[in-house]
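Biologist: Can you put the model up? I have some questions about how it is built.

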Amino acid sequence: MPNRTTIEIRGLSKDFGSVSAVSDLSFTVQPGTVTGFLGPNGAGKTTTLRMLLGLVRPTSGTATFGGTSYRDLRAPLATVGTALEAASFHPGRSARNHLSIYATAAAIPQARVGAVLEQVGLGAYVDRRVGGYSLGMRQRLGLALALLGDPGVLVLDEPVNGLDPEGIRWIRTFMRELAAEGRTVLVSSHLLSEVQQSVDRLVVISKGRLVYEGGLQGLDTETRVAVDSPDRGMLDAALLAAGAEFTSTDAGLIVSSMTAAEVGAIAQRSGVALSLLQTQQGGLEQAFLDLVGEGSQP
Amino acid sequence: MNVFALIRAEFQKVLTTRIWWILLLVLVVYVAMLAGFLGAAFGGSFGSASEVPPVPTEQLSAVIYSVATAIGYVFPLMLGTLSVTGEFRHQTLTPTFLATPRRGRVLLAKIVALSVFGAIYGVGALIGSIGAGAGVFAITDLDNGLGDQDLWLLFARSVLAMALWAAIGVGVGALVPNQVAAIVIVLAFTQFVEPILRTVASFVSWAADLGNYLPGAAGDALVGASIYGSLGMAAGEATVVEWWQGGLILAAYAVVATVLGYLIAWRSDVT
């Protein structure tokens, strides 16, 4: 069993010219958990992961695996497995040859090549040129490279992209299994719904800054009440008089500060007949979008 | 992370794509055709002697066989260049640096592995030029010179030159990561710029010695014979440098290109 390793990001920043891609980012990823690394496209997720992996030099700050930077790892592929978004292979090579090269460079037994290709479901295509692979097969090949060294840490950048529903279910189960074995799993995505069933913790960034770190239940899922009446004007006045906060929409008035029972009581006291009274759950996705500052945009 | 594992990985990278044997095949055929043609021309089997620049007979075989390097050097140079630019183009630098985050070691392993391939190209090109050249000599009833020990030393230096050319290619690739740009630069420099500079240098007295420092001239000096020198294109007033000096100049090109490439492109962010 691989060692339990914590990912530690401390004050990490990256400027590209005058553009700040990542600013003073700090978070921790614990072993035995699946941590979702979320943010809209362009939030700095891939840049952060590439700094963690020694591919991009940080402007300041550190990113380490239990205190050791990627560059200083004695056996990188056996410590950290990586599947990055970009398709990184020569189209003329077979999957077997592709993995075999990196097994050689990292002194990993060649027997692992066939084993991981079998594990990701590419067993029947090992000798086919990668140029002919579908997007889903390439994603699986990327995962096979990540698993090659049987690492204790997995860094997966948008692994769900391009997978069919069956593949998405497979990778969710797969990540859960890896974490259950005590591994540290960091998985990025721009959609919470893609990963919310498989992650234990969330790290959310927006415009290169941390906006949330914690459990799913900690996300603010505010409930609202939709209410309407044939006499909209009277309902409006009654709610105003009761000091309710609300907005008016085509689908009725959306009250954000009260429960449905309180709104119903106000209506009864004012003698307003209601045509609609409904509690609306904000939902995780809405909370996520509010966090990254895209919820209010039309 | 031992160095030999990295060198073996670089070998695998070359062997698992097709370009290495395509280039080798073209090299051998091209050099054989040229050597056969020149052997026939200088050997006097066709055309009158007055139409062809005279080459002393004792040098003829060396000049014909050295077509392997004088003309063929662009092939190991190209293979070395492509071995680096291909990594940029197909974004395989990402898995390469993930497996070996110490990037300098990867570049060193590449130079060693590609130099071996350059040497293999050298042997292949010599087989082509000697095979075709000696064949023509046999037909025209001339001495093929292969009994001469100096000629075999020339062959050994030819293999060394081809290895150095491949190493220069690695440096060029690191310096110019854009594959199309690198190919254009290599072809334009070797096929037009350098031949013109060498010819000009041979006619301008103050530039004559400088011409020796051009990479192609240095390569020819290392080998010790060249179709350029024999046709008087680079003769003029230049003092011809010793073979080991030519070798050092060629090696210096490899080192300078690789160090600059490392500093400029190889170390930069992989995004």
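Biologist: What pattern does chain B follow, read along the sequence?
Modeller: Chain B reads α-α-α-α-α-α-α-α-α-α-α-α. That is twelve helices and zero strands. Keep in mind that this is a predicted model.

Biologist: How much of chain B is made up of buried residues?
Modeller: Of the 271 residues in chain B, 54% are buried.

Biologist: Take helix α2 of chain B. How many residues does it have, and how far does it reach?
Modeller: Helix α2 of chain B covers residues 19–42, which is 24 residues. From its first C-alpha to its last it reaches 34 Å, close to the 34 Å expected at 1.5 Å a residue.

Biologist: Which residues in α2(B) are buried?
Modeller: Among them are Trp20(B), Leu23(B), Leu24(B), Leu27(B) and Val31(B). Further along, the buried ones include Ala35(B), Gly36(B), Leu38(B) and Phe42(B).

Biologist: And which residues form the nonpolar patch on the surface?
Modeller: Ile19(B), Trp21(B), Ile22(B), Leu25(B), Val26(B), Val29(B), Tyr30(B) and Met33(B) form that patch. Together they have about 750 Å² of accessible area.

Biologist: Where is Tyr30(B) found, and what is its relative accessible area?
Modeller: Tyr30(B) is found in helix α2 of chain B. Its relative accessible area is 38%, so Tyr30(B) is partly exposed.

Biologist: Moving to α5 of chain B. Is Thr85(B) buried or exposed?
Modeller: Thr85(B) lies in that helix, α5 of chain B, and is buried, with a relative accessible area of 0%. In space, Thr85(B) is 9.3 Å from Leu175(B), C-alpha to C-alpha, while the two are 90 residues apart in sequence.

Biologist: Now charges. How many salt bridges does a search of the whole structure find?
Modeller: The search finds 15 salt bridges over all chains.

Biologist: Start in chain B. What does Glu87(B) form a salt bridge with?
Modeller: Glu87(B) pairs with Lys110(B), and their closest N and O atoms are 2.8 Å apart. The pair links distant parts of the chain, 23 residues apart: Glu87(B) is in helix α5 (residues 74–89) and Lys110(B) in helix α7 (residues 103–140) of chain B.

Biologist: Are those two buried or exposed?
Modeller: Glu87(B) has 3% relative accessibility and counts as buried. Lys110(B) counts as buried too, at 1%. Salt bridges that share partners join Glu10(B), Lys13(B), Glu87(B) and Lys110(B) into one network.

Biologist: Over to chain A. Which residue does Arg176(A) form a salt bridge with?
Modeller: Arg176(A) forms a salt bridge with Asp200(A), the closest N and O atoms being 3.2 Å apart. Arg176(A) lies in helix α6 (residues 165–180) and Asp200(A) in the loop between α7 (192–195) and β8 (201–206) of chain A, so the pair ties together parts that are 24 residues apart in sequence.

Biologist: What are their relative accessible areas?
Modeller: Arg176(A) has 32% and is partly exposed. Asp200(A) has 30% and is partly exposed.

Biologist: And what does Arg183(A) form a salt bridge with?
Modeller: Glu181(A) is the partner of Arg183(A), with the closest N and O atoms 2.8 Å apart. Arg183(A) is buried at a relative accessible area of 9%, whereas Glu181(A) counts as partly exposed at 40%.

Biologist: Which residues gather in the patch of positive charge on the surface?
Modeller: The patch holds Arg57(A), Arg71(A), Arg105(B) and Arg267(B). Arg267(B) sits in the segment after α12 (243–266) of chain B, and is partly exposed with a relative accessible area of 37%.

Biologist: Last topic, the backbone. Which residue has a phi near 45°?
Modeller: That is Asp24(A), a residue other than glycine with a positive phi. Most residues other than glycine have a negative phi. Asp24(A) is found in strand β2 (residues 19–29) of chain A, and is exposed, with a relative accessible area of 55%.

Biologist: And which has a positive phi of about 55°?
Modeller: Ala107(A) does, although it is not a glycine. Ala107(A) lies in the loop between α3 (95–105) and α4 (111–119) of chain A. At 60% relative accessibility, Ala107(A) counts as exposed.

Definitions and conventions:
Residues numbered from 1 in each chain as written. Chains lettered and ligands numbered in written order. Predicted model: local features only at pLDDT ≥ 70, side-chain atom pairs only at ≥ 80, totals over all residues. Heavy atoms only, no water. Salt bridge = Lys/Arg side-chain N within 4 Å of Asp/Glu carboxyl O. Helix = DSSP H or I, 4+ residues; strand = E, 2+ residues; numbered from the N terminus. Buried < 20%, exposed > 50% of the residue type's maximum accessible area, 1.4 Å probe, protein only. Patch = residues over 30% accessible without salt bridge, like charges linked within 9 Å, V, L, I, M, F, W, Y side chains within 5 Å. Areas by Shrake-Rupley, 256 points an atom, 1.4 Å probe, with all protein chains shown as cover. Lys, Arg positive; Asp, Glu negative; His and termini not counted. Charge placed at Lys NZ, Arg CZ, Asp CG, Glu CD. Expected span 1.5 Å × (residues − 1).
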